[in-house]
Every structure is written in C-alpha cells, then in structure tokens.
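My notes follow in the order of the look-ups.

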Amino acid sequence: MAVNLREKEAAEILTVDGAQVFIGQAGVKKPDHNDLTLIVLNKANSVGAVFTQNRFCAAPVHIAKQHLTNENGIRALVINTGNANAGTGAQGREDALAVCEAVAAQVGCDIEQVLPFSTGVILEPLPAQKIIRALPGVKAAHWSDAARAIMTTDTVPKAASREAKIGQNHTVRATGIAKGAGMIHPNMATMLGFIVTDAKVSQPVLQMITQEIADLSFNSITVDGDTSTNDSFVVVATGKSGQNEIDNIADPRYEQLKAMLGSLALELAQAIVRDGEGATKFITIQVENAESRAEARQVAYAIAHSPLVKTAFFASDPNLGRILAAIGYSGVPHLDTDKVRLYLGDVLVAEHGGRAASYTEAAGQAVMAPAEITVRVDLQRGSHGATVYTCDLSKEYVAINADYRS
C-alpha cells in the first residue's frame with residue numbers, strides 16, 4: 001500500500017492548451033488494458049529532456065535522444081507499458097522507429113518529431129505491430145487516464161498540476177504524470193516523468209530548467225538503488241499562455257517558472273517513492289554541513305541504499321548503528337566521526353562518535369513508528385547539504401519482484 005498517497009480526482013488535474021492526450025489498448029503484455037498513451041503537441045513548442053545514464057539504455061532512449069536534435073521540433077510522445085524494449089539491440093531500435101513512423105503518419109509530422117518511450121520487462125522484443133495496429137483506435141482522454149495507462153507495478157496513478165502567475169500579467173499552468181515503483185535510482189543527466197506547461201520558453205532555457213528541477217526531484221529519489229534502462233524525464237512548453245518568450249536565465253520569470261515546475265516535479269518524484277514496491281515508510285534523508293553537495297548526496301545515498309537500514313525502518317526498529325555504519329562506509333575522505341551528529345526527527349541519536357547521552361530507546365522507537373520519518377545527518381565539515389527520499393524494504397518488495405514476469 002502506498003504511503004500517504006492517494007489518486008487525484010480528475011477535477012484536480014488541469015488540462016494544458018497545446019497538448020492533446022489519447023490512450024488505447026495494444027495488448028503488449030495483457031489484453032483489455034490501457035497500455036498505450038499518445039500525447040500530441042502543437043507546432044510551436046519547446047522540449048527539454050534528461051535520460052538514464054545506464055549504459056544498457058533502452059532502444060527508445062536512443063531514438064528519443066536522436067530525435068530531440070532535429071530542427072523542426074517535437075509533435076508527439078508515444079508511451080507503451082508492458083515491454084521496456086531494452087536489451088534488444090538493433091532490432092529494438094528498428095521497432096521503436098517503426099512505432100514512431102506510424103505515429104508520424106497519424107499525426108501528420110516527420111518521424112523525427114516523435115519521441116518514443118517504453119516501460120516494462122527488459123530483454124524481450126517489443127511487439128511493435130501490436131502498438132502500430134492499436135494507434136488508430138486511441139481515444140481522447142484526460143491526463144488522469146494517461147497517468148493510469150503508463151503504470152506498471154505502481155498501485156496509484158501519479159498526476160499533479162500547478163497554476164501560478166508568472167510575471168505580472170499571465171497565469172501559467174502545468175500538469176505532469178509519472179510512473180515508477182521499483183528499479184528506481186535515477187541517474188539522469190523503470191521511471192518515466194512528463195510535464196507539460198503552457199508557458200513560452202526557448203529550448204535552451206527549457207533544457208536548463210529541466211536539468212535543474214530533475215536534479216532536485218527525480219535525481220534525488222531511490223527505492224532500491226537500481227538505475228533503470230528506461231528512465232526519462234521530459235518537459236514540454238507549448239507556448240499557449242500568451243506570454244512573451246522566456247529566453248534567458250536573467251529574466252525574473254525564469255526563477256518563477258522553475259520554482260513552479262520544480263514543485264510539480266518534486267511532488268511526482270516523491271509519489272514514486274511513496275508508491276515504492278512494498279513500501280510502508282516514506283523516509284527523508286537530510287545531510288547537512290558537508291564539504292560539497294556531491295559529498296552530502298554520497299552520504300545520503302549510502303544510508304538510503306543500505307538493505308540493513310531499510311529493513312530496520314520496515315520493522316520500526318531503532319537499530320541506529322546501521323545508519324552510523326552506512327555513514328562510515330559512504331566513502332567520505334577523512335571523515336571525523338567525532339563531529340558527526342545523527343538525528344531521527346528532532347531526536348539527537350549520536351554525537352562524539354557514539355550514542356548521545358540524552359538518547360533513549362523509547363524516543364527512538366517513537367520516531368520510527370510513524371509512516372513518515374526524517375533522518376538528519378550533520379557532518380560539521382562544510383556548508384553544503386542535500387536531501388534524498390527513499391522508502392523501507394519489506395517482504396512485499398521481494399514478492400513483487402519475484403513474480404514480476406508472471
């Protein structure tokens with residue numbers, strides 16, 4: 001069961017001018033199931049994107065990267081579930097291109113103006129013909145329907161919207177959807193995230209926004225430490241809000257728009273963790289006063305990836321030596337452990353290299369019991385920090401992944 005995560009009502013999810021959503025049934029993995037999503041975009045738009053750094057990245061990732069460089073812009077995104085089209089070699093790329101070709105013919109654009117995305121089982125051929133046959137039958141849908149259609153092992157559709165005044169005279173809106181529950185440890189520069197806004201933004205500026213908000217959201221989550229072959233995060237600006245274009249970072253609207261889209265991206269990213277496979281706890285790990293942000297993330301991820309730490313959280317067991325051990329093996333050079341302070345919530349757990357004199361087992365147990373827990377580490381060696389979001393590791397996680405292909 002997802003941790004403090006509910007499915008949004010359709011009325012809570014805003015439509016965005018310049019983007020049309022369609023869903024259909026291709027029967028990629030099972031029949032009578034919406035597993036195909038098509039997003040058609042207006043001509044005057046800009047697109048920013050970041051992708052997985054996994055060297056075995058999926059065929060659609062290869063194709064999407066290539067198509068993003070075309071000069072005529074992007075007109076459509078096509079997403080299938082049930083098959084990742086990863087580990088499929090040259091044939092996988094041909095299959096992805098065949099799907100793009102069919103979408104281009106249907107939309108009335110060039111093949112290079114279509115971005116493909118896939119999620120599901122790795123190392124199996126993509127049933128491209130099933131997708132191609134299903135495309136003419138896709139039906140207009142709401143964003144909330146698309147959020148459900150891109151799910152795999154997710155238990156809750158992930159969609160959210162924002163609306164804010166950007167500049168003095170224009171209201172801008174944005175809607176995003178995401179999927180992911182396992183194989184989640186994005187290292188972007190099986191998780192998919194899509195945000196569409198009606199703001200008008202030049203492509204270079206939108207790419208900068210995309211990278212910056214990804215770093216603080218989708219690149220700050222982990223469920224199991226496995227970086228998927230298919231991770232992709234895309235931001236589309238349709239330009240339909242009526243505002244003048246944001247074409248440089250000195251424009252005051254740049255920070256306003258980045259804050260709005262960043263808030264939306266963080267909500268979607270946290271929803272993935274809350275819906276982590278078998279998750280019962282949502283855990284925020286804050287590392288403070290490091291020598292660099294990279295060092296802070298290094299410590300945070302050491303804690304977040306530790307199976308011993310994650311199982312202790314599942315059991316609500318304040319076995320706090322496991323957290324200290326993770327900090328110790330995180331690889332921070334010349335770490336003075338006598339300076340490290342460890343907190344569970346507001347409870348000081350460890351200082352001066354050992355258990356804090358004020359700490360009691362009862363206090364630790366009280367912090368570990370709730371569904372949401374904050375771990376705070378003060379390294380006392382600099383002025384930088386980072387926050388990572390993760391979940392516990394339960395018996396259900398093992399069961400879900402043992403049965404994933406069945």
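This is a predicted model: local features need pLDDT of at least 70, side-chain atom pairs count only at pLDDT 80 or more; totals for chains, interfaces and linings use all residues.

β13 and β14 (residues 354-355) pair in the antiparallel sense over two bridges. Two residues lie between these strands, and H352 in this hairpin takes a positive phi near 55 degrees.

I turned to β12 (residues 341-344), which pairs with β13 in the antiparallel sense over three bridges. L344 has V347 in β13 as its bridge partner. This hairpin also has two residues between its strands, and there G345 takes a positive phi near 60 degrees. Is β13 mostly covered or mostly open? I noted that β13 (residues 347-351) is mostly covered, with four of its five residues buried.

I traced an open sheet in the order β3-β10-β9-β8-β7, and its pairing is mixed. The edges are formed by β3 (46-51) and β7 (158-166), each of which pairs on one side only. On average, neighbouring strands of this sheet are turned by 15 degrees against each other, direction ignored.

I counted how β7 and β8 are joined: they pair in the antiparallel sense over nine bridges. K165 stands opposite T171 in β8. The hairpin of β7 and β8 has three residues between the strands, and G167 takes a positive phi near 80 degrees. I then followed β8 (residues 170-179) to β9 (residues 192-197); six bridges join the two, and they run antiparallel. Within this pair, G176 stands opposite I195 in β9, and K179 has L192 as its bridge partner. Which helices pack on the sheet? Helix α5 (residues 203-216) touches β3 and β10 (232-237), and its direction makes about 35 degrees with that of β3. Helix α6 (residues 252-274) touches β7, β8, β9 and β10, and its direction makes about 165 degrees with that of β7. I checked the burial of β8 as well: the strand is mostly covered, with seven of its ten residues buried.

What volume does the largest cavity have? I recorded a volume of about 60 Å³. Its lining consists of P60, V78, I79, N80, A96, V99, P116, F117, S118, L126 and I131. I asked which elements each supply at least two residues of this lining, and found β4 (76-83), α2 (89-107) and β5 (114-121). By class, I noted nine nonpolar and two polar residues in the lining, and no charged residues. N80 and S118 are both in the lining list.

Note on methods: Residues are numbered from 1 along each chain as its sequence is written. Side-chain values use heavy atoms; hydrogens and water are left out. Two strands pair if DSSP finds at least two bridges between them. Axes are lines fitted to C-alpha atoms, for helices over the stretch in contact, and angles run from 0 to 180 degrees between N-to-C directions. Contact means heavy atoms within 4.5 Å. On a 1 Å grid over the protein atoms alone, a cavity is a set of points where a 1.4 Å probe fits but cannot get out, and a pocket is an open set with protein on both sides within 12 Å along at least five of seven lines; lining residues have an atom within 4 Å of a point. Grid points are joined across faces, edges and corners, and a volume is the space filled by probe spheres set on the points. Ala, Val, Leu, Ile, Met, Phe, Trp, Tyr, Cys and Pro count as nonpolar, Asp, Glu, Lys and Arg as charged, and the others, Gly among them, as polar. Buried means under 20% relative accessible area, exposed over 50%, partly exposed in between (1.4 Å probe, protein chains only).
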